[in-house]
Amino acid sequence: MKASASFIIPPAHPHAAYAEQREEIDAAVHRVLERGRYILGPEVEAFEREFASWLGASHAVGVANGTDAVELALRSLGVGAGDEVIAPAHTASATIAAIEHAGAIPVLVDIEHGTCGLDPGKLSDTIRSRAHGRLKAVVVVHLYGHPASMGPILDAARAAGLPVVEDCAQAHGARWGGTMVGTFGTVAAFSFYPTKNLGALGDGGAIATNDASIAARVRMLREYGWAQRYSSDEPGLNSRLDEVQAAILRAKLTRLEASNARRRAIAGDYTAALQSVGASGVVVADGAIHAFHQYAVCHPRRDEWRAALLRRGVGSAILYPSPIHHQPAYATRVPRGYGGLETSEAVCREVLCLPVYPQLSSEQVQLVAHAAAETWRSA
Ligand SMILES: *Cc1c(COP(=O)(O)O)cnc(C)c1O
């Protein structure tokens, strides 16, 4: 059977998540429209409370998007012009853009194969090699939804007195050793871009922290640095979350744990199918709970495999085709940490993300699993 374009299973499908909660979401939007408060009102306040409580953090502050969340997290720690911030070389370019928006210089460190998060050994070596006082923070990314190796990463950062910012844009609900990702570091950043595990129907983001002074500072910074209306205590920006998105996020939050469980079940089917043909599939570290924002698996002939999948009606995505230091905006400028960036480069060459969103039907999941297993060897 030849799959025509309209039968291709897309790698992401945010409309399906809307359709699943259509009545609830329509009612939430209507409630906001009729109330007449559209920016930073009761829905944002309620969402911040509910999100913080779900996460197990003392404070959450809604902002305009995930990139701003990383920037504001850094600025709330006092990171600014000329400071250096360590970040992984394989991440969304948003992570790096946010560091530069804060005025700082990103220093790229390699990822490790298992978690696709910062390599703790190369992190320690980089911290040691840059002991000139300009290093001010470490940004950890829980890429694809797998938690980074937080134990050794926190040890290395704490030994040097560096705060850790967790970029949780792909990891809402991931855990390690029972601890929720986003509560390990000093402050965490979340994105609610529509395809994320917790997605709005527009842009949105948040920071989370147990430190009241950091939360208060982000509240000021997100609205012109206002301590009180019309009086700026420090130069801020406009990074507000709107009421419509907050109301939608409140509805979506009630399903987050269930939809993450569904993602894990789908991922389990893919891994079983891939293992049946001798491929390892996605390996989850002992003690880790993967949020499966992506089912990201490496194949040595990735592009051939991708084409074979497409012929079987399976769409896929490449997150991300090149590491930060190979992208034109950063290649010639951005400093690299200690120990090389080979793993970041290898993963970018080989990674392919299969559709894993919770609204896939059982038939679609079986189709993807069979297609992945059957094309693995021939590709
Ligand atoms: C999506 C994403 C961001 C940026 O979030 P936006 O809401 O798109 O600004 C930052 N970091 C990572 C790892 C992401 O996946």
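**View A. Surroundings of Phe-192 in the predicted model.** Leaving aside neighbours within four places in sequence, Phe-192 is in contact (heavy atoms within 4.5 Å) with Phe-47, Phe-51, His-172, Leu-198, Gly-199, Ala-200, Gly-202, Gly-204, Gly-205, Ala-206 and Leu-249. This is a predicted model, in which local features need pLDDT of at least 70 and side-chain atom pairs count only at pLDDT 80 or more, while totals for chains, interfaces and linings use all residues. Residues are numbered from 1 along each chain as its sequence is written, and side-chain values use heavy atoms, with hydrogens and water left out.

**View B. The largest nonpolar core.** This core, a set of buried Ala, Val, Leu, Ile, Met, Phe, Trp, Tyr and Cys residues joined through side-chain atoms within 4.5 Å, where buried means under 20% relative accessible area with a 1.4 Å probe and protein chains only, has 45 residues, of which Phe-47, Phe-51, Ile-86, Val-138 and Phe-192 touch the most other members. Helix 3, a DSSP run of H or I with at least four residues, gives the largest share, 6 residues.

View C. The ligand is surrounded by 14 residues (a heavy atom within 4 Å), the closest being Gly-66, Thr-67, Asp-167, Ser-191 and Lys-196. Oxygen atoms of the ligand lie 2.5 Å from a side-chain N or O atom of Thr-67, 2.7 Å from one of Ser-191 and 2.8 Å from a polar side-chain atom of Gln-170. Of the 380 Å² of accessible area that the ligand has on its own, the protein covers 90% (Shrake-Rupley method, 1.4 Å probe).

Definitions and conventions:
A polar contact is a pair of N or O atoms within 3.5 Å; within protein, one must be able to donate a hydrogen and the other to accept it, and residues adjacent in sequence count only if both atoms are side-chain atoms. Buried means under 20% relative accessible area, exposed over 50%, partly exposed in between (1.4 Å probe, protein chains only). Helices (H or I, at least four residues) and strands (E, at least two) are DSSP runs, numbered from the N terminus.
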